[in-house]
Amino acid sequence: MAVRALLHYALEVPDQTVGEKFYRSFGLVDQGGKDDAVHLRPAALARETVRLYGGPKKRLHHLAFGAPGDEYQATLQSIRRAGIRQVDPPRSAPDGGVWLRDPDGHLLTVRDEGPEAPPPDPPLRLNSPGHIGRQVERGAPEAGTTASPRRLGHVLFFTPDVNRQLDFYTRVLGMKLSDRCQTIIAFLRCTTDHHNVAFLTSKGPGFHHASFEVGSVDEIAMGALRMQQAGFEPGWGLGRHVIGSNFFYYIRDPWGSFAEYFHDLDYIPEACAWEPRDFPEGDALYRWGPPVPDDFGLNRELEG
Ligand SMILES: [Fe+2]
């Protein structure tokens with residue numbers, strides 16, 4: 001029993017137009033839609049991955065997981081068995097699915113759907129010692145190249161109780177712990193990605209970032225450059241994480257949270273002997289990259 005896909009996240013934001021401009025500059029495209037939300041998606045996918053609703057301040061509106069067929073029925077049973085009360089869908093919510101709240105009060109929906117995989121890229125053609133992937137051809141990206149996120153990979157939330165969230169998402173939704181750093185942060189998966197949801201300790205709940213896969217380290221950097229040119233403040237990167245191993249660049253969004261480009265995340269097949277590690281605090285965040293901005297771990301939803 002488990003959810004099998006992270007389908008989309010929805011935020012409430014004070015200005016949907018500003019939010020739409022941010023995510024379009026980031027590389028997502030408008031999905032359209034007849035309701036009062038802005039719907040965005042990676043160009044290569046049919047389904048939305050980001051929804052923006054109007055609201056007084058930035059916060060999570062809801063998070064959508066998919067569980068196809070029998071997995072959906074089993075997830076419903078697990079929710080009932082755990083004594084979790086189903087709640088009414090919010091106004092202008094996507095049709096279908098079951099709605100519930102996690103222990104931090106985040107609104108969740110689980111839908112009878114599987115993941116949607118983007119078309120595969122051709123293999124990267126890199127030259128490395130003893131392996132020539134590209135010859136008689138220049139490798140630097142063209143000027144003006146930008147990022148085109150292929151898919152949503154994960155979301156990270158603040159929580160006042162990492163263990164309580166870990167218990168709920170593993171016991172009720174069937175996710176697996178991939179790695180953690182004590183009770184500071186925990187990374188969980190419901191797909192072959194190293195993580196699809198992570199929880200970072202804070203004094204209260206909040207949305208920290210969402211992360212999208214791109215095709216190369218060049219694409220991360222060119223996307224970051226384009227975002228700087230579009231007037232969005234740089235966040236943090238380029239660097240390489242320890243937990244999950246991905247190359248990263250975080251762009252600060254208009255509300256003090258982040259959108260991340262990632263590439264080369266650890267891949268964990270369903271049936272394998274992956275042992276979660278509990279990393280020491282001093283060696284959990286990044287292997288290399290610029291210094292972490294002072295406010296990177298700041299939960300701005302607790303302010304005001
Ligand atoms: Fe991330």
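Helix H1 is followed by Gly27, whose phi is positive, near 125°; helices (H or I, at least four residues) and strands (E, at least two) are DSSP runs that are numbered from the N terminus. The structure is a predicted model, in which local features need pLDDT of at least 70 and side-chain atom pairs count only at pLDDT 80 or more, whereas totals for chains, interfaces and linings use all residues. Residues are numbered from 1 along each chain as its sequence is written, and side-chain values use heavy atoms, with hydrogens and water left out.

The iron ion has as its protein donors His154 (NE2), His209 (NE2) and Glu260 (OE), which lie 2.0 to 2.2 Å from it; donors are N, O and S atoms within 2.8 Å of the metal (3.2 Å for Na, K and Ca), and since water is not among the atoms, sites may look incomplete. The spacing of the donor residues in sequence is H-x54-H-x50-E. The histidine pair links distant parts of the chain, with His154 in strand E10 (residues 151–159) and His209 in strand E14 (residues 206–213), 55 residues apart. His154 is buried, with a relative accessible area of 2%, and for His209, also buried, the value is 2%.

A further buried residue is Glu48, at 14% relative accessibility, which lies in the loop between strand E3 (38–41) and strand E4 (50–54). The side chain of Glu48 makes polar contacts with the side chain of His39 at 2.7 Å and with that of Arg51 at 2.9 Å. A polar contact is a pair of N or O atoms within 3.5 Å; within protein, one must be able to donate a hydrogen and the other to accept it, and residues adjacent in sequence count only if both atoms are side-chain atoms.

The largest pocket holds about 850 Å³ of space, and of the 28 residues that line it, the closest to its centre are Asp121, Pro122, Leu124, Gly215 and Ser216. Helix H4 (residues 217–229) supplies the largest share of this lining, four residues. The second largest pocket has a volume of about 710 Å³, and of its 35 lining residues the closest to the centre are Leu6, Leu7, Arg47, Pro115 and Glu116. Strand E1 (5–13) and E10 are the elements that give two or more residues to this lining, with E1 giving the most, four residues. The largest cavity contains about 50 Å³ of space, and its lining residues include Lys58, Phe158, Phe207 and His208.

Definitions and conventions: Buried < 20%, exposed > 50% of the residue type's maximum accessible area, 1.4 Å probe, protein only. 1 Å grid on protein atoms, 1.4 Å probe; cavity = no way out; pocket = protein on both sides within 12 Å on 5 of 7 lines; lining within 4 Å. Points joined across faces, edges and corners; volume = space filled by probe spheres on them.
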